[in-house]
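Trainee: I have a structure open and would like to learn how to read it. Could we go through it feature by feature?

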Amino acid sequence: MELSSKKSYFNLVVSVCVCLFTTQVAAQCDAPTLPNGVVFKNASDYRSQDAKVAECLEWLLNKNSFECSAQREAVNAFVLVWLSGHPDVNVEVETQVMPFIDRHPELLFPMLHGSAEYALRTNKKEQTQVNALVSGLKAVDRYSRSDKALRKDPDLKLLHKRIRKKKISSWIVDQQKG
């Protein structure tokens, strides 16, 4: 085989590998398709998107923090717009149960996602603020476990320990008391 044919063959192999890798990375994102032209004006507009938001929340909560950043940003924005005006979904942020938030403000998103997912999957009459916060903190824990730097944070280590030992609910109640 001549040198130029070896180079061509090598370039072809490299090109195929790059194409396969790029296709695989794009396929791994598999972000939910966001609806076009949705305008939230009234309660039925918000409710009509509940299933899509549930799909978005599942995707956001199950994707590693460092994967698919462009898609993650768009899906996040859609969820936050929906969350900000939905008449039936009320997510409260209680910073006293988030001692890590000053150092890691990006963890507000998984906190909101976990609490919103809880609100969507739980009958409104059965919902409690403590359980919503537990769901949010569990989402923060899952998210932070996928990031090497976050796993080293002392407050997040303690959060993980409380969740693992099933002491998170009682800790939340204690924090709410002041």
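Trainee: In which helix does D174 lie?

Mentor: D174 lies in helix 9. Helices here are DSSP runs of H or I with at least four residues, strands are runs of E with at least two, and both are numbered from the N terminus. Before going on, note that this is a predicted model, in which local features need pLDDT of at least 70 and side-chain atom pairs count only at pLDDT 80 or more, while totals for chains, interfaces and linings use all residues. Residues are numbered from 1 along each chain as its sequence is written, and side-chain values use heavy atoms, with hydrogens and water left out.

Trainee: Which residues of helix 9 are buried?

Mentor: The general idea comes from helix geometry. An α-helix has 3.6 residues a turn, so residues three or four places apart point the same way. In helix 9, which spans residues 168-177, the buried residues are I168, W171 and I172. They lie on the same side of helix 9 because they cover an arc of only 100° around the axis, the arc being that of the directions from the helix axis to the C-beta atoms.

Trainee: What do the buried residues of helix 9 pack against?

Mentor: Their partners are helix 6 (129-145) and helix 8 (154-164). Contact means heavy atoms within 4.5 Å. After helix 9 comes G178, with a positive phi near 110°.

Trainee: How many helices and strands are there in the protein chain?

Mentor: The protein chain has nine helices and zero strands. Its pattern along the sequence is α-α-α-α-α-α-α-α-α. Of its 178 residues, 35% count as buried. Taking contacts between residues at least 6 apart in sequence, 64% join residues at least 24 apart.

Trainee: How should I read a positive phi?

Mentor: Most residues other than glycine have a negative phi. Two cases in this model go the other way. D30, in the loop between helix 1 (3-29) and helix 2 (43-47), has a positive phi near 30°. D30 is exposed, at a relative accessible area of 52%. K166, in the loop between helix 8 and helix 9, is not a glycine either and has a positive phi of about 60°. K166 counts as exposed, with 74% relative accessibility.

Trainee: Which residues line the largest cavity?

Mentor: On a 1 Å grid over the protein atoms alone, a cavity is a set of points where a 1.4 Å probe fits but cannot get out; a pocket is an open set with protein on both sides within 12 Å along at least five of seven lines; and lining residues have an atom within 4 Å of a point. The largest cavity has a volume of about 30 Å³, and its lining is V97, P99, F100, L137, D155, L159, R162 and W171. Helix 8 gives the most to this lining, with three residues.

Trainee: Which residues lie nearest the centre of the largest pocket?

Mentor: They are N90, Q127, T128, Q129 and A132, from a lining of 13 residues. The space in the largest pocket is about 160 Å³. Helix 5 (108-121) and helix 6 each supply at least two lining residues, and helix 5 gives the most, with three.

Definitions and conventions
Buried means under 20% relative accessible area, exposed over 50%, partly exposed in between (1.4 Å probe, protein chains only). Grid points are joined across faces, edges and corners, and a volume is the space filled by probe spheres set on the points.
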